[in-house]
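Student: Hi! Could we walk through this model together?
Tutor: Happy to, here it is.

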Amino acid sequence: MNTNDPIFKVVQDLRDRGFIHTFNIQDNGIYCPELSKEVAPEDLTIVEQHHIDGPEADAANTHEVFAVETQDHVMGIMLDTYAQYNAAEFASIFNKVHKSKPGMA
């Protein structure tokens, strides 16, 4: 991966701060491959959200990177990439995720 890529920089910063797991939307749910288990959307809280603009005139490369935490304090990263494939399913699942904790960026 290009280390100058803004997504790479955000993800690396989050990983350096302990957000080491990956959360993906698949099969109508959220899955963490490192834990080999599905996580209920209601069990996730967005701790931080980072908006990454794509190159000029390429809105398709605009992304959101989310730092999330489970109820049992597993910290990880989730991207909005799935929304490109199935926006309705992404919105349906993502609307169940708790939004930022008070006082968090």
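This is a predicted model: local features need pLDDT of at least 70, side-chain atom pairs count only at pLDDT 80 or more; totals for chains, interfaces and linings use all residues.

**Aromatic pairs and a threonine**

Tutor: A search of the whole structure finds 2 aromatic pairs. Rings of Phe, Tyr and Trp (its six-membered ring) pair if their centres lie within 6.5 Å; planes under 30 degrees apart count as stacked, over 60 as edge-to-face and the rest as tilted.
Student: How is the pair of Phe66 and Phe94 arranged?
Tutor: That pair is tilted, at 4.6 Å centre to centre with 45° between the planes. Phe66 lies in strand 6 and Phe94 in helix 2 (residues 87-94), so the pair ties together parts that are 28 residues apart in sequence. Helices (H or I, at least four residues) and strands (E, at least two) are DSSP runs, numbered from the N terminus.
Student: And what about Phe90 and Phe94?
Tutor: Those two are stacked, 5.0 Å centre to centre and 10° between the planes. Both lie in helix 2, 4 residues apart, about one turn of the helix.
Student: New topic: is Thr70 buried or exposed?
Tutor: Thr70 is buried, with a relative accessible area of 7%; buried means under 20%, exposed over 50%, partly exposed in between (1.4 Å probe, protein chains only).
Student: Which residues does Thr70 contact beyond its sequence neighbours?
Tutor: Leaving aside neighbours within four places in sequence, Thr70 is in contact (heavy atoms within 4.5 Å) with Phe23, Val39, Asp43 and Leu44.

Methods. Residues are numbered from 1 along each chain as its sequence is written. Side-chain values use heavy atoms; hydrogens and water are left out.
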